[in-house]
Amino acid sequence: MRGTMIRTAALAAGLLALAGPAAAQRPLKVVTSTTDLADLASEVCGNRCQVVHISEGYQDPHFVEAKPSFILQLRNADVFAYVGLDLEIGWMPLLVQGARNPRINTGGSGNLDVSQAIRVLDRPTGNVDRSQGDVHPAGNPHYWLDPENGRRIARLFRDRLSQLSPADAQTFARNYTAFEARLNAAERAWAPQIAAIRGKPVVAWHTSWRYFAEYTGMNIVGFMEPKPGVPPSPSHLAGLIATMRRTGAKVIVMEPYYDRRTADFVAQRTGARVLVLPPSVGGVRTITDYIQLMQNDVGQLAAAVR
Amino acid sequence: MNAAPDWPGRANETTYPKTQMRISICTAVLVLGAAIPAAAQQDTTRTQAQRDSAAAADSAAIVRELQGMQGGDTTATGRAAADAGNAGNTGGAPGPGQRLLPDISVVGDFVGDLSPEGSTQEGGRRFGVREVEIAAQAAVDPYFRGDVFLGFSDEEGVSIEQAYLTTTSLPYGLEARLGRFLMPFGKLNTTHRHDLHTTEYPWVIQTFFGAEGLKGTGLYASRVFSPLGFYQELQVTAVDGLGEPVEGLNTAEPVNKRLGGLGYSARLRNYVDLTQAANLELSFSALTGKLARPIDVAETDEVNAYATRQTTLGADFTFRWRPLQQGLYRSVILQGEVMHQINADPGATIRLPDGTTVAFEGPRRDYTGAYAFGRYQLSQRTFLGARVDWVQDPTTADADALTAGSGYLEFYPSEFSKLSAAFERLNPAIGDGVNRILLQATFALGPHKPHPF
């Protein structure tokens, strides 16, 4: 009897000894709402995290279906990082509530509202109501299309992940430094293209290009949407065509998930070119990381406005 | 539970025996108590000190950045400071939450009935405010979320549509709820009526549960799991009774006097992604409880009802297709539910406690109903839908069937308003068929709500 007890205790101790280090070394599971955040998290993590994303780069991040399969991803996440500023308001609350994971609830250690690290544009200063369209009361959430914000996001990941996994802090810091160096080099390389874009009049479909415009200096003279989230109306398009003729705008920038036919209609009447730019990593198959995304969008726009 | 006139009823005052009261109190204490220690168990892989440290470091990092911006830093980080003049503040959503106010929203639901043979609405109105719903929702504390929905309508005045407390910190994928809620039976019964893609609930729900669906007041628990690699959820409830009690029906003792007289339900959800664009949910539900049924006694008799058990079984499927890239413009939903209502048969006559024998007037047989619905997205704002209904009417002794076919054109000016027109050919179980033309307008005020899935 005593022998059996000793053997059982030894087996239990052995199992615990095996399980302890395994648990300590378990990579952090990071779930992000978008592909851009996923890539930036991966840049910082290297192989020290398992990173998955919910929306795809070619999908409108405002309108993601709250599929229960996403709940399975979130229920054991260590970190849920999201763009914030109400970008994901139409689907994120259902997923977070459905996940029943206290770590990612508001105030939890893994709840990471990335917008907290961003200088937000277009934050309304007066009264806001729905007559202004689908406005974001806390400001424009499409901030990742500025490399400076890319750095801020990566730094936020570095800091938060280092606290959650102190043993990997040096790795995260090293990875961040390497990422920043590559981004700095890429920025130096595309500086001439930025110079070509600066001041050029363009039309954008949605306010998603505001930060990109701040960075590149492109001059957005009008939007295809009369108000954020409101589809183009004939009277609005007539006014937009007049604006484009007056300002000489020759490029319409749009995301791959909007109906191109309306943009083509305007382009035919103004001699402009429709430029479908991926707004996120994975927006087209060949864009697989954040630096490629910025490189592609800057390069394509520079070529279009020349 | 059938719709009027033989809804379950309980007019007697409830008097719990002491033992059952103790059981109920213990159950409530256990459910509430489980949430609190569970919060302490959260985040088992990180210590509290680490979490605090993480929060402090985040704050410190942000402060450093802001200080850098103000100090004219010339590094890459500081480049942002140079053009900070036209920029806003750092992110984070301000608003009611910062003042600890709950999210308050209002939904208006107006219905017009232009049916050629007269209005088919309750009260005979051609145009009416079917309901205005006011909702207040917020986290109560670190352990619970609170949701309250009050309904206002011309027909019913003010009513508590839903009011429940939901745990947010239970371990093992568990969630518990306490209060009044839409019963998790079938797919559409948990959808608010104004969120439906049709003007009214399918006829099987209206016939078996009532025009506003089935609500329950009591306890709810659910667990998410995926042993087979796809999403599964088991939802169980124990509620005070099945549906609204019918006024004037009195049983010899309250239907809920014994625990066996309460309402119980279970639902197993199975969800699988077929592709990135297509998914399927196939779920099964069961519901049982005792209901007061009329008996043939003199109008002056105090006891005029007899409690019998009713069990309803259901299965439902929902297929969705929505291509991710063109999801703003194209989507399809195919949906169907079948329900089978089993009514315990006490016989043509029953013996009352005082020894008298009376005729039982409640349903003594089983009934079945089903619907199928499809919805196709024509454009970003426009949808076309159709539904067919078949249900055996429990108010008929021979289970005569109601049949209906309807079509819907929905237009969404924005995410916050909907206009729809519907035509329905309705063939009731008894009487002549009618053509119905229904118009509906709904709007939502307040914070953006998640889109129902």
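Q: How should I read burial here, and are A:R158 and A:D159 buried or exposed?
A: A residue counts as buried under 20% relative accessible area, as exposed over 50%, and as partly exposed in between, using a 1.4 Å probe and protein chains only. By that scale A:R158 is buried, and so is A:D159. Please keep in mind that this is a predicted model, in which local features need pLDDT of at least 70 and side-chain atom pairs count only at pLDDT 80 or more, while totals for chains, interfaces and linings use all residues. Residues are numbered from 1 along each chain as its sequence is written, chains are lettered from A and ligands numbered from 1 in the order in which they are written, and side-chain values use heavy atoms, with hydrogens and water left out.

Q: What do the side chains of A:R158 and A:D159 form, and how many such pairs are there over all chains?
A: Side chains of opposite charge can pair when their charged atoms come close. A salt bridge is taken as a side-chain nitrogen of Lys or Arg within 4 Å of a carboxyl oxygen of Asp or Glu, and by this rule there are 36 salt bridges over all chains. A:R158 and A:D159 make one of them, with an N to O distance of 3.1 Å. In chain B, the side chains of B:K257 and B:E253 meet in a salt bridge at 3.8 Å, N to O; here B:K257 is partly exposed, at 27% relative accessibility, and B:E253 is partly exposed as well, at 29%.

Q: Which residue forms a salt bridge with B:R375, and where in chain B do the two partners lie?
A: The partner is B:E410, and the closest N and O atoms of the pair are 3.0 Å apart. This pair links distant parts of the chain, since B:R375 belongs to strand β14 (residues 367-377) and B:E410 to strand β16 (residues 401-414), 35 residues apart; strands (E, at least two residues) and helices (H or I, at least four) are DSSP runs numbered from the N terminus. Both B:R375 and B:E410 are buried. Elsewhere, salt bridges that share partners join A:R100, B:E175, B:R177, B:K187, B:E233, B:R267, B:R269, B:E281 and B:D316 into one network.

Q: What does B:E175 touch?
A: Contact means heavy atoms within 4.5 Å. Leaving aside neighbours within four places in sequence, B:E175 is in contact with residues that include A:Q97 and A:R100 of chain A, and B:T166, B:L170 and B:Y220 of chain B. B:E175 sits in strand β5 (residues 174-182) of chain B and is buried, with a relative accessible area of 7%.

Q: How is a nonpolar core read, and which residues touch the most other members of the largest one?
A: In soluble globular proteins, nonpolar side chains tend to be buried together. A nonpolar core is a set of buried Ala, Val, Leu, Ile, Met, Phe, Trp, Tyr and Cys residues joined through side-chain atoms within 4.5 Å. The largest one has 61 residues, of which A:I153, A:F157, A:L161, A:W209, A:M218 and A:L301 touch the most other members. Helix α10 (residues 290-305) of chain A gives the most to this core, with 9 residues. A second, separate core of 29 residues includes B:W203, B:Y367, B:Y371 and B:F373.

Q: How are packed helices described, and at what angle do α6(A) and α10(A) cross?
A: Two packed helices are described by the angle between their axes and the distance between the axes. Axes are lines fitted to C-alpha atoms, for helices over the stretch in contact, and angles run from 0 to 180 degrees between N-to-C directions. The axes of α6 (residues 169-197) and α10 of chain A come within 9 Å and cross at roughly 10 degrees. Angles under 35 degrees count as roughly parallel, over 145 as roughly antiparallel, 65 to 115 as roughly perpendicular and the rest as oblique, and α6(A) and α10(A) are therefore roughly parallel to each other. Among the residues that meet are A:F179, A:L183 and A:W190 in α6(A), and A:I291, A:M294 and A:L301 in α10(A). The residues of this contact divide into 14 nonpolar, 3 polar and 1 charged, where Ala, Val, Leu, Ile, Met, Phe, Trp, Tyr, Cys and Pro count as nonpolar, Asp, Glu, Lys and Arg as charged, and the others, Gly among them, as polar.

Q: At what angle do α2(A) and α6(A) pack?
A: Helix α2 (residues 35-45) of chain A and α6(A) pack at about 120 degrees, with their axes 6 Å apart, and are therefore oblique to each other.
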